[in-house]
Amino acid sequence: FGSSVVCAMARERAPSAGSPRRWIPGFAREGSVPAPLVAPPALRPNSQPEVSFGNPGNTIKVALVGLANCGKSLVFNALTGGQAKVSSTAGTTTQPEEAFAQLPLDTFRWLTAHVSPRSSLGPMAKIVDLPPVSRSTANRPAQNRCLAAAAACDALIIVNRCFDATHVPNHSLDLKPVADLDIIEAELVAFDLELVSQRVKEGAQLLQQGVPDGSPVPAEMQGQLQALMKAKGVLEQGRMVRFSQDWTPQEAAYLNRHQLVTAKPAVYLVNASASQYTTGKNKHLPRIYEWVDQRSAGAVLPYCSELESVAAAAATPEEKQDTLLKFGLKRAATETLLRLCFDAFGFVFFFTVSPMETKCWTLKSGQTAAQAAGRVLPAFAAGLSSVEVYSVYDLKECGSLRKVQESGKYATRGPDYVVKDGDVLLFRMGSLH
C-alpha cells in the first residue's frame, strides 16, 4: 500500500514497514531549488507479486475529500491553477470540479531542458474537487453521488482542517481534527459496506443458481465472492479496506473491479494556519499521526492552503519563488503533495527521448522493460526484442550522451530488464525501433 520508491525530492529517512510516511513542516523549507539530481538507491526486483489496489495509467485521478470549510477548494486551486469558487459559506462546492496538474519532476525538467525537444509531456494528475462529506442523513443521495465520484478516482487527498478562523466557520463549535477524521472514515466505510453487501448478496445468488448448463461454477466467480466477503468483514469492523495487511495479489485484483473507496491510497493533508505552518507548532499533529498509525495507511503532509494558493497565483516562476521566500519557504508543499500521490502507487519514472518529443512515463517498481514498452504502446509488450538504456543521472553527471556511452553506462538489455527510476529507454522491435 505504501511506495517502495524513494522520493527524489525528499531525503527524509524512510518510515518503518507498515507505518505511514510523515512529512514535517520544515520539509518544505529544506534544500535548495532546484534540487540536485541524485539517483535514488537501486531497487531490487519484487520476488513476490506486490499487493496493490488500483492500476492507474500515466495520468492518475485524485479526489479531494473533506468536511465543509476545510479548505479543499483552495487546495484544488493551488494544485491546478484553477478558479474554483472559495467562500466561507458551507457547501459552496455542490458539483465535482475537475482540472489537470502536471507532476513537477526535477529529473524530467532537467532532461527536457537538456534535449530541447519540440514538445514534452510529463505525468499528469486529474484533480477532482468533491462536494463536502457530511454525517447528516438529510441528503443521503447527494452524499452517495459525491462518494461515487471518489470511487471513480485512483487516490484520495483527505483534507483535515487544523486552523481556527472566525471568518471561516467550522462545521462544529469546536475544532476537532481527529473527530473530523472519524466522521470521514465512517462515511467512506458506510458507503463501501452498502456496495459490498449488495455485491455479496448478488454473488451468493449466482452461486446458488449455478451455471445454466450444469457445469462447475468458475473458480474466478468463487474467488471474487470470497474477496468481497472478506472486505465486508473488514468494513463491518469500521476499518478501511486498504488498512488490512493480509490481502493477496489475486484478492486485490478482484476488489479492484469494484472500485472501493476505502481501498484507495490516501494522503492526509493537515491544513494548518499560516503561523502554525511556518513555525511548525501545531498541537493537533501528534494526535493526527497517532490516528493515521492506528486507522489508516497513508502519508501525512502538513500544509497551508492559504499560503500555497497565494504562491500558486504568482504570474511567473520567479514571482512564485519570491512569494515562497517571503513566507520563509523554499519549496511549495503543493509539489510534494503531487509527488506523494504518485508515490502511493509505488511508481518509478522512465523517459523516452527524441528531437520531436520527450516524455515521462510511470511504471510499477520491479516491472520489466517489456511492461514499460506496453505502457508506451500495448502492441510493443509482446514484440520487444531489446531495449537500449541509460540513466538521466549518468547523463547529468557526464554532460552528454556520447560521454555516457564512452563511460560504459549505456547498455543494451533484454525484455526482462528491470526498469529503474530515471532510466531513459529506447525500445527495439526486431529491426524497428
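Asn-69 is buried, with a relative accessible area of 11%, where buried means under 20% relative accessible area, exposed over 50% and partly exposed in between, judged with a 1.4 Å probe on protein chains only. The residue lies in the loop between strand 1 (59-65) and helix 1 (72-80); helices (H or I, at least four residues) and strands (E, at least two) are DSSP runs, numbered from the N terminus. Phi of Asn-69 is near 60°, a positive value in a residue other than glycine.

This is a predicted model, in which local features need pLDDT of at least 70 and side-chain atom pairs count only at pLDDT 80 or more, while totals for chains, interfaces and linings use all residues. Residues are numbered from 1 along each chain as its sequence is written, and side-chain values use heavy atoms, with hydrogens and water left out.

A positive phi, near 50°, is also found at Gln-259, again a residue other than glycine. Gln-259 sits in the loop between helix 6 (249-256) and strand 6 (266-271), and with a relative accessible area of 40% Gln-259 is partly exposed.

## The protein as a whole

The secondary structure of the protein comes to 15 helices and 12 strands, and 50% of its 433 residues count as buried. Among contacts (heavy atoms within 4.5 Å) with a separation of 6 or more, 75% are between residues 24 or more positions apart.

## Nonpolar cores

A nonpolar core is a set of buried Ala, Val, Leu, Ile, Met, Phe, Trp, Tyr and Cys residues joined through side-chain atoms within 4.5 Å. The largest one here has 48 residues, and those with the most contacts inside it include Ile-60, Ile-127, Leu-269 and Phe-351. Helix 11 (residues 333-343) gives the most to this core, with 6 residues. Apart from this core lies another, of 34 residues, among them Ala-151, Leu-285, Trp-291 and Val-292.

Not counting residues up to four places away in sequence, Ile-60 touches Met-124, Ala-125, Lys-126, Asp-154, Cys-341, Phe-342, Phe-345 and Phe-347.

## Two helix pairs

The axes of helix 1 and helix 9 (residues 305-312) come within 8 Å and cross at roughly 30°; such axes are lines fitted to C-alpha atoms, for helices over the stretch in contact, and angles run from 0 to 180 degrees between N-to-C directions. That makes helix 1 roughly parallel to helix 9, since angles under 35 degrees count as roughly parallel, over 145 as roughly antiparallel, 65 to 115 as roughly perpendicular and the rest as oblique. In their contact, Leu-74, Val-75 and Ala-78 of helix 1 meet Ser-305, Glu-308, Ser-309 and Ala-312 of helix 9.

Helix 4 (residues 177-209) and helix 8 (residues 285-295) have axes that come within 9 Å and cross at roughly 25°, and these two helices are therefore roughly parallel to each other. Pro-177, Val-178, Leu-181, Asp-182 and Glu-185 in helix 4 meet Arg-287, Ile-288, Trp-291 and Arg-295 in helix 8.

The buried residues of helix 12 (residues 369-376) are Ala-369, Ala-370, Ala-372, Ala-373 and Gly-374, and what covers them includes strand 8 (347-353), strand 9 (357-364) and helix 13 (380-383).

Asp-394, found in helix 14 (residues 392-398), is buried, with a relative accessible area of 18%. Leaving aside neighbours within four places in sequence, Asp-394 is in contact with Val-404 and Lys-409.
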